[in-house]
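User: Hi! Could you walk me through reading burial, helices, strands and cores in a model like this one?

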Amino acid sequence: MERRTTERLLRARAQAIGGEVREDSVAAVLDRVLAVQAQDLPAAELGLRARARGLTQEAVRRATDIERTAVRGWFMRGTLQLVPAADARWLLGLFGPVYLALAARRLRELGLDEALCARSERLIADAIAAEGPLTRARLTDRLTTLGVEPKGQSAFHLIRRAALAGVICHGPQRDGEATFVLLDDWLPDTGPVPYTGEAAVRELARRYRSAHGPCDALDFVHWSGLKTTAGKNAWAAVRDIAPDAPPVRGEPDVRLLPAYDNYLVGYRSRDLSVPAEHERRVWPGGGQIRATVVVDGLAVGTWSGGRRGTPVKVEPFPGTEPLSPAVAAGIARESADIARFSS
């Protein structure tokens with residue numbers, strides 16, 4: 001039990017959600033953890049908040065929309081992630097071909113042949129070049145001129161294909177909606193990417209180990225979505241990263257983690273972060289992962305609210321001991337910080 005507690009505390013500190021670790025900026029958080037899961041962008045912003053001190057939503061938007069130091073794209077597991085802009089091209093070079101190949105079958109099922117895909121890619125690039133950042137809805141409207149159905153998933157898959165091919169990427173938000181821009185305009189090419197092929201997989205393994213350890217090769221395979229053999233080979237080639245020092249337990253470190261948080265999806269097993277008897281309360285099915293109250297890396301309940309000025313509502317796991325005054329105080333601080341972040 002003591003070994004598992006130590007492992008959990010080390011993981012929480014590596015992820016900047018425990019050990020009183022908080023970074024000072026969006027760039028510092030992403031430099032530490034490499035990626036924040038971002039299919040739900042407001043949740044991703046709250047994931048950055050949970051790992052930083054004094055961060056504001058405006059600062060996050062400035063990093064993504066103006067400074068361009070963070071970029072959103074389909075990387076690990078083919079899932080939307082926020083990553084450092086400096087890492088976007090080598091990550092795209094690693095994952096783009098993988099998920100383009102996997103997407104080809106779905107495109108065929110939708111009746112989208114190679115010729116139509118190629119025409120769609122040119123149309124998307126030309127429309128953005130002529131009009132600037134465009135939302136998915138605006139690009140869908142353009143794609144209907146090629147006979148693409150405006151409803152359903154065809155337009156989405158064509159837009160995603162153009163992003164995986166390195167033609168476009170996510171740009172600034174417009175009225176709360178994501179837009180797409182030309183990758184080479186948004187993130188100018190500054191020369192050869194630093195990592196390619198096996199070197200890219202090894203660098204990914206090194207970054208994962210630093211941000212998630214203690215962990216193992218199968219954790220890395222699960223998180224990355226790479227093939228098992230490639231993941232294991234890269235893992236074996238990367239030296240283990242020892243923690244700075246054994247964790248010291250003081251006052252409980254309480255964090256309100258958003259839905260789909262890295263800490264909950266970054267390992268093949270969930271039992272270290274969420275008690276097995278309460279797993280369904282965090283993973284209710286249908287692809288959902290609920291926002292959690294985490295104390296020293298261990299989930300003790302779920303929470304909701306906190307957006308658009310709504311109060312945070314905490315639901316401790318049933319059948320557990322009442323939350324201690326120190327944990328309750330930590331929840332109150334986190335709730336107030338979410339209100340500050342969003343104001």
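Analyst: Gladly! Let's begin with burial: Ser-154 counts as buried because its relative accessibility is 11%. Buried means under 20% relative accessible area, exposed over 50%, and partly exposed in between, with a 1.4 Å probe and protein chains only. Keep in mind that this is a predicted model, where local features need pLDDT of at least 70, side-chain atom pairs count only at pLDDT 80 or more, and totals for chains, interfaces and linings use all residues. Residues are numbered from 1 along each chain as its sequence is written, and side-chain values use heavy atoms, with hydrogens and water left out.

User: Where is Ser-154 found, and what does Ser-154 touch?

Analyst: Ser-154 is in helix H8 (residues 154-164). Helices (H or I, at least four residues) and strands (E, at least two) are DSSP runs, numbered from the N terminus. Not counting residues up to four places away in sequence, Ser-154 touches Leu-110, Leu-112 and Val-148; contact means heavy atoms within 4.5 Å.

User: How do I read a strand, and which way do the residues of S2 point?

Analyst: In a regular strand the side chains alternate between the two faces of the sheet. Here, Ala-70, Arg-72 and Trp-74 point one way from S2, while Val-71 and Gly-73 point the other way. Strand S2 (residues 70-74) is largely enclosed by the rest of the structure, because 5 of its 5 residues are buried. S2 runs antiparallel to strand S3 (residues 80-84), joined by 5 bridges; two strands pair if DSSP finds at least two bridges between them. Trp-74 stands opposite Leu-80 in S3. The two strands form a hairpin with 5 residues between them, and Arg-77 in the turn has a positive phi of about 60 degrees.

User: Why is helix H11 largely enclosed?

Analyst: Helix H11 (residues 217-224) is largely enclosed by the rest of the structure because 6 of its 8 residues are buried. Among them are Phe-220 and Trp-223. Their cover includes helices H1 (2-14), H5 (85-109), H10 (197-212) and H12 (228-237). Just after H11, Gly-225 takes a positive phi of about 85 degrees.

User: Which residues touch the most other members of the largest nonpolar core?

Analyst: In soluble globular proteins, nonpolar side chains tend to be buried together. A nonpolar core is a set of buried Ala, Val, Leu, Ile, Met, Phe, Trp, Tyr and Cys residues joined through side-chain atoms within 4.5 Å. The largest has 73 residues, and Leu-91, Phe-95, Ile-168, Leu-204 and Phe-220 touch the most other members. H5 gives the largest share of this core, 9 residues.
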